[in-house]
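Before the model is used further, I would ask you to read the following points alongside the coordinates.

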Amino acid sequence: MHSISIPSDVRAFVSRRSGGVDPYAQLDPETTALVVVDMQNFFMADGEMGCCVEARDIVPNINRLAYAVRGSGGLVAWIQNGAAAELMQGWANLEELYTEEKAALRRERMRPGCEAFELWSDLDVRENDARVVKSRYSAFAPGASELETVLQQRGIENVLVVGVATNVCCESTARDAMMRGYRTLMVSDATATFTDAEHNAALITFMKFFGEVQPTDTVLARLQR
């Protein structure tokens with residue numbers, strides 16, 4: 001589990017602007033979605049190119065949050081990152097950041113139907129949860145996924161972002177959720193990335209300018225209340 005450190009000056013900055021560090025303390029559970037980002041074998045299993053071992057530590061917290069969101073009438077949405085050739089159309093600039101070998105491996109291993117594409121087996125995925133495939137870092141990027149349609153159909157107004165990696169797909173999705181008009185909260189101990197430094201930097205920026213950052217226990221208390 002990451003060592004989470006939000007400096008006091010950041011909390012003071014947010015408090016001066018918002019009157020506290022919990023502007024979304026009164027979230028309506030029934031209009032809340034837990035958006036679980038990329039908790040797939042590709043990002044969690046030993047030997048995979050995208051493996052982030054810290055992501056395994058957050059599985060219990062994600063399961064606790066999913067149970068609570070369902071129980072309070074909200075929606076759980078499991079997002080899977082797909083990189084098959086047909087999903088990568090128009091995103092060649094990403095593959096230019098990889099060697100030809102690595103780009104081909106990413107496309108192959110993140111192809112729907114491949115074992116690496118599947119969700120980590122310890123996750124508590126239920127039949128009535130939403131399942132969404134995305135083709136960009138952000139699930140809200142134009143044409144990237146059907147997530148926003150799913151949320152609109154359920155009347156969702158609040159988004160809780162969890163998953164991997166904090167500073168890549170989680171942060172991209174959370175920022176765009178805020179920009180699309182959703183009250184957005186990143187759960188500090190239910191997101192993970194490769195280092196504490198990367199994790200904390202993403203949370204600090206998000207907390208200062210985009211939304212709220214809270215630990216699992218705080219979010220659970222709000223849902224139960």
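1. A cavity here is a set of grid points where a 1.4 Å probe fits but cannot get out, and a volume is the space filled by probe spheres set on such points. In this predicted model, the largest cavity holds about 40 Å³ of space, and a search of the whole structure finds 3 cavities of 30 Å³ or more.

2. The lining of the largest cavity consists of Leu27, Pro29, Thr32, Leu160, Val219, Arg222 and Leu223, which divide into 5 nonpolar, 1 polar and 1 charged. Helix H9 (residues 216–224) gives the most to this lining, with 3 residues.

3. The largest pocket has a volume of about 250 Å³. It is lined by 16 residues, of which Phe43, Gly50, Tyr98, Val168 and Phe194 are the closest to its centre, while helix H2 (41–44) and helix H7 (166–179) are the elements that give two or more residues to the lining. By class, the lining of the largest pocket divides into 12 nonpolar, 2 polar and 2 charged residues.

4. The protein chain has 9 helices and 6 strands. Its radius of gyration is 17 Å, close to the 17 Å that the globule rule gives for 225 residues, so the chain is as compact as a globular protein of that length. Along the principal axes, the C-alpha atoms fill a box of roughly 50 × 40 × 30 Å.

5. Of the 225 residues, 53% count as buried, and the accessible surface of the chain comes to about 10200 Å², with 48% of it belonging to carbon and sulfur atoms. Among contacts between residues at least 6 apart in sequence, 76% join residues at least 24 apart.

Technical notes. Residues are numbered from 1 along each chain as its sequence is written. This is a predicted model: local features need pLDDT of at least 70, side-chain atom pairs count only at pLDDT 80 or more; totals for chains, interfaces and linings use all residues. Side-chain values use heavy atoms; hydrogens and water are left out. On a 1 Å grid over the protein atoms alone, a cavity is a set of points where a 1.4 Å probe fits but cannot get out, and a pocket is an open set with protein on both sides within 12 Å along at least five of seven lines; lining residues have an atom within 4 Å of a point. Helices (H or I, at least four residues) and strands (E, at least two) are DSSP runs, numbered from the N terminus. Ala, Val, Leu, Ile, Met, Phe, Trp, Tyr, Cys and Pro count as nonpolar, Asp, Glu, Lys and Arg as charged, and the others, Gly among them, as polar. The radius of gyration is taken over C-alpha atoms; the globule rule is 2.2 Å times the number of residues to the power 0.38. Buried means under 20% relative accessible area, exposed over 50%, partly exposed in between (1.4 Å probe, protein chains only). Contact means heavy atoms within 4.5 Å. Accessible areas come from the Shrake-Rupley method with a 1.4 Å probe; for residues, only the protein chains shown count as cover.
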